[in-house]
Amino acid sequence: MAKSILQKDKECFLCTRMQDLEQHHIFGGPNRKWSEKYGLKVWLCPRCHRDPRQGVHFNRDVMKIMHRTGQQAFEKEHSRDEFMNIFGKNYL
């Protein structure tokens with residue numbers, strides 16, 4: 001499993017909880033493999049990950065923030081053109 005380029009410490013990326021963490025691939029579906037390859041994943045607690053009211057999979061605003069944050073991290077080492085070729089969309 002590739003190391004996250006967004007986190008050094010194992011804690012919830014959104015609330016900093018340190019127990020019962022789950023990995024979240026910032027770009028899912030067909031792009032999940034690219035998230036894995038480029039380290040575009042974070043640790044999330046179950047509430048921030050899967051809660052129907054506020055979890056990233058159910059909250060569009062949080063998902064948008066995660067997509068922007070992931071793209072910014074990717075572009076520190078790669079070009080925007082490369083991001084667009086891999087992920088197919090500009091989130092910034």
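Which residue forms a salt bridge with Arg-17? Select Asp-20: the closest N and O atoms of this pair are 3.1 Å apart. A salt bridge here is a side-chain nitrogen of Lys or Arg within 4 Å of a carboxyl oxygen of Asp or Glu.

Before moving on, some housekeeping. This is a predicted model, so local features need pLDDT of at least 70 and side-chain atom pairs count only at pLDDT 80 or more, while totals for chains, interfaces and linings use all residues. Residues are numbered from 1 along each chain as its sequence is written, and side-chain values use heavy atoms, with hydrogens and water left out.

**Stop 1: the charged pairs**

Arg-17 is partly exposed, at 36% relative accessible area, and Asp-20 is exposed, at 54%. (Buried means under 20% relative accessible area, exposed over 50%, and partly exposed in between, with a 1.4 Å probe and protein chains only.)

The salt-bridge count comes to five. Next, pick Glu-22 and Arg-50, whose side chains meet in a salt bridge at 2.5 Å, N to O. Glu-22 lies in strand 1 (residues 22-25) and Arg-50 in helix 2 (residues 46-50), so this pair ties together parts that are 28 residues apart in sequence. Helices (H or I, at least four residues) and strands (E, at least two) are DSSP runs, numbered from the N terminus. Glu-22 is buried, with 18% relative accessible area, whereas Arg-50 is partly exposed at 46%.

Now go to Lys-41 and Glu-36, another salt bridge, at 2.8 Å from N to O. Lys-41 is buried at 0% relative accessible area, while Glu-36 is partly exposed at 21%.

For a charge over a ring, select Lys-10 and Trp-43: Lys-10 lies over the ring face, 4.3 Å from the ring centre. The rule asks for NZ of Lys or CZ of Arg within 6 Å of the ring centre and within 35 degrees of the ring normal.

**Stop 2: the nonpolar core**

Which residues touch the most other members of the largest nonpolar core? Select Leu-40, Phe-74 and Phe-87, out of 20 residues in that core. Such a core is a set of buried Ala, Val, Leu, Ile, Met, Phe, Trp, Tyr and Cys residues joined through side-chain atoms within 4.5 Å. Colour strand 2 (41-44), helix 3 (60-74) and helix 4 (80-87), each of which supplies at least two core residues. Helix 3 gives the largest share, five residues.

**Stop 3: around Phe-74**

Centre on Phe-74. Beyond its neighbours within four places in sequence, its contacts (heavy atoms within 4.5 Å) include Ile-5, Tyr-38, Ser-79 and Glu-82. Phe-74 and Phe-87 are both buried.

Now show the rings. There are nine aromatic pairs, counted when rings of Phe, Tyr and Trp (its six-membered ring) have centres within 6.5 Å; planes under 30 degrees apart are stacked, over 60 edge-to-face and the rest tilted. The rings of Phe-74 and Phe-87 have centres 6.0 Å apart and planes at 85°, so they are edge-to-face. Phe-74 lies in helix 3 and Phe-87 in helix 4, so the pair ties together parts 13 residues apart in sequence.

**Last stop: Gly-39**

Select Gly-39, in the loop between helix 1 (32-38) and strand 2. Gly-39 is buried, at 0% relative accessible area. Draw a distance from its C-alpha to that of Phe-74, 35 residues away along the chain, and you get 8.7 Å.
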